[in-house]
Amino acid sequence: MGKISAIVGVALAAFMIFIIVADSAEANQSIRRVIVDVDAGPDDAWALYHLLSSPQVKVEAISCVRGNTNVTMVGRNVLRILTAMGKENEIPVFLGSDERLITPGLVVDPKDMYFGADGFSDVDYSHLPPLNMALLRTGAIGEHARLIEKYPSEITFITLGPLTNLALLLKVHPSTRQLIKEVFVMGGNRHGVGNTESAAEFNFYNDPESANIVVNNYPGLITVFPWETVSLDHLVMNQTWRFETIVSSTNPVVQILNPAERKSLGEVDNWMPCDLLVAMAFTNPELITKRKQYPGSVELAGSLTRGQLVLNHQKEGTGNIVIVDDMDHAAVERMIMGLAAECKACAGSG
């Protein structure tokens with residue numbers, strides 16, 4: 001009888017080990033690994049906050065690119081959000097390119113920059129604990145390649161600013177073209193509607209060559225959130241809703257973003273969380289209600305259309321560019337309210 005009990009005990013133990021290993025393997029399979037590339041205005045910060053608050057998302061690295069401000073300021077803004085969440089020592093932050101790929105950068109008066117000279121509307125955050133700027137690392141492109149080779153076909157590259165870092169990765173480490181799972185892009189346009197020049201969107205216009213390289217060198221699916229989509233009336237919240245509905249007295253991330261967004265919005269009653277829409281669609285693809293697929297490229301030579309994403313409408317349904325045309329705005333609003341209400345991932349939260 002004792003032998004039978006011992007055998008049963010061993011069998012049960014083996015079975016439990018099998019269940020634990022199986023559950024662990026299933027959990028690992030459900031993890032969605034990402035590299036997030038940002039130019040860190042408040043909209044990027046909302047996207048980072050959402051991704052870092054999503055249990056099944058593993059942010060392997062954050063890289064910074066010049067866009068809303070210079071790359072060091074971008075890094076500082078990223079650190080500010082990570083520090084508020086208590087994750088500054090968990091997620092590596094890399095300083096990437098501080099200039100566009102080929103032509104000289106645009107000369108812009110800091111007073112004319114939408115999010116101020118520092119990307120966070122030049123708000124005084126001196127009341128907050130000082131940031132550990134030594135945490136900012138260099139070597140973004142090499143680290144991207146290392147991670148992508150470590151996790152082949154597992155990493156989604158989410159780019160929320162100019163595409164310079166991703167373009168450099170694809171050219172310096174061409175083997176990664178076949179190893180990136182998919183790419184999500186905030187940028188470009190659908191019908192030639194621009195927000196920087198008449199026919200170009202900010203991120204693509206800031207580095208058209210890089211956008212062209214990404215579109216023409218990455219063979220996998222590129223999910224694009226163009227300017228026409230993120231500026232749809234029902235996806236643009238109003239400032240009243242933003243500050244009456246999702247102002248929080250306890251959420252440290254929202255406390256950081258409130259003054260930065262109030263200052264940049266001014267009297268304009270629109271709140272357009274472009275980058276957050278991209279992050280939410282990645283974590284919850286059911287939010288996308290309309291999409292179409294095309295081949296396409298980015299115009300480089302046009303005197304009026306430089307930086308425009310040009311789609312081949314005659315070949316709709318083919319190609320690797322997936323254009324997101326609409327999202328479930330009611331569900332998006334509910335998710336934003338839930339995200340802002342509580343910060344379970346933040347430092348000091350219960």
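In which sense do β5 and strand β6 (residues 182–186) pair, and over how many bridges? They pair in the parallel sense, over four bridges. The model is predicted, so to speak of local features pLDDT of at least 70 is needed, side-chain atom pairs count only at pLDDT 80 or more, and totals for chains, interfaces and linings use all residues. Residues are numbered from 1 along each chain as its sequence is written, and side-chain values use heavy atoms, with hydrogens and water left out.

**Overview**

- The protein has twelve helices and 13 strands; helices (H or I, at least four residues) and strands (E, at least two) are DSSP runs, numbered from the N terminus.
- Of the 350 residues in the protein, 51% are buried, where buried means under 20% relative accessible area, exposed over 50% and partly exposed in between, with a 1.4 Å probe and protein chains only.
- Taking contacts in the protein between residues at least 6 apart in sequence, 82% join residues at least 24 apart; contact means heavy atoms within 4.5 Å.

**The sheet**

- Nine strands form an open sheet with mixed pairing, in the order β4-β3-β2-β1-β5-β6-β7-β13-β10; two strands pair if DSSP finds at least two bridges between them.
- At the edges stand β4 (136–137) and β10 (288–294), each with a single partner strand, so one side of each has no neighbour in the sheet.
- Strand β1 (residues 32–38) runs parallel to strand β2 (residues 57–64), joined by seven bridges, and Val36 is opposite Ile62 in β2.

- Strand β5 (residues 155–159) is mostly covered, with five of its five residues buried.
- In a regular strand, side chains alternate between the two faces of the sheet.
- From β5, Ile155, Phe157 and Thr159 point one way, while Thr156 and Ile158 point the other way.
- β1 pairs with β5 in the parallel sense over five bridges, and Val34 stands opposite Thr156.
- Together, β5, helix α5 (residues 164–172) and β6 make a right-handed β-α-β unit; right-handed here means that, with the strands pointing away from the viewer, the path from the first strand over the helix to the second runs clockwise.
- Helix α4 (residues 140–150) has Ala140, Ile141, Glu143, His144, Ala145, Leu147 and Ile148 buried, and what covers the buried residues of α4 includes β1, β2, β3 (93–95), β5 and α5.

**Helices α2 and α11**

- Helix α2 (residues 42–53) packs against helix α11 (residues 274–283) at an angle of about 20 degrees, with their axes 6 Å apart; axes are lines fitted to C-alpha atoms, for helices over the stretch in contact, and angles run from 0 to 180 degrees between N-to-C directions.
- α2 and α11 are therefore roughly parallel to each other, a label for angles under 35 degrees.
- The residues that make this contact include Trp46, His50 and Leu51 of α2, and Leu276, Ala279 and Phe282 of α11.

**Leu339**

- Leu339 lies in helix α12 (residues 329–341) and counts as buried because its relative accessibility is 9%.
- Leaving aside neighbours within four places in sequence, Leu339 is in contact with Trp46, Tyr49, His50, Ser53, Asn251 and Leu276.
- Leu339 and Trp46 are 293 residues apart along the chain, and their C-alpha atoms are separated by 9.3 Å.

Terms used:
Parallel < 35°, antiparallel > 145°, perpendicular 65-115°, else oblique.
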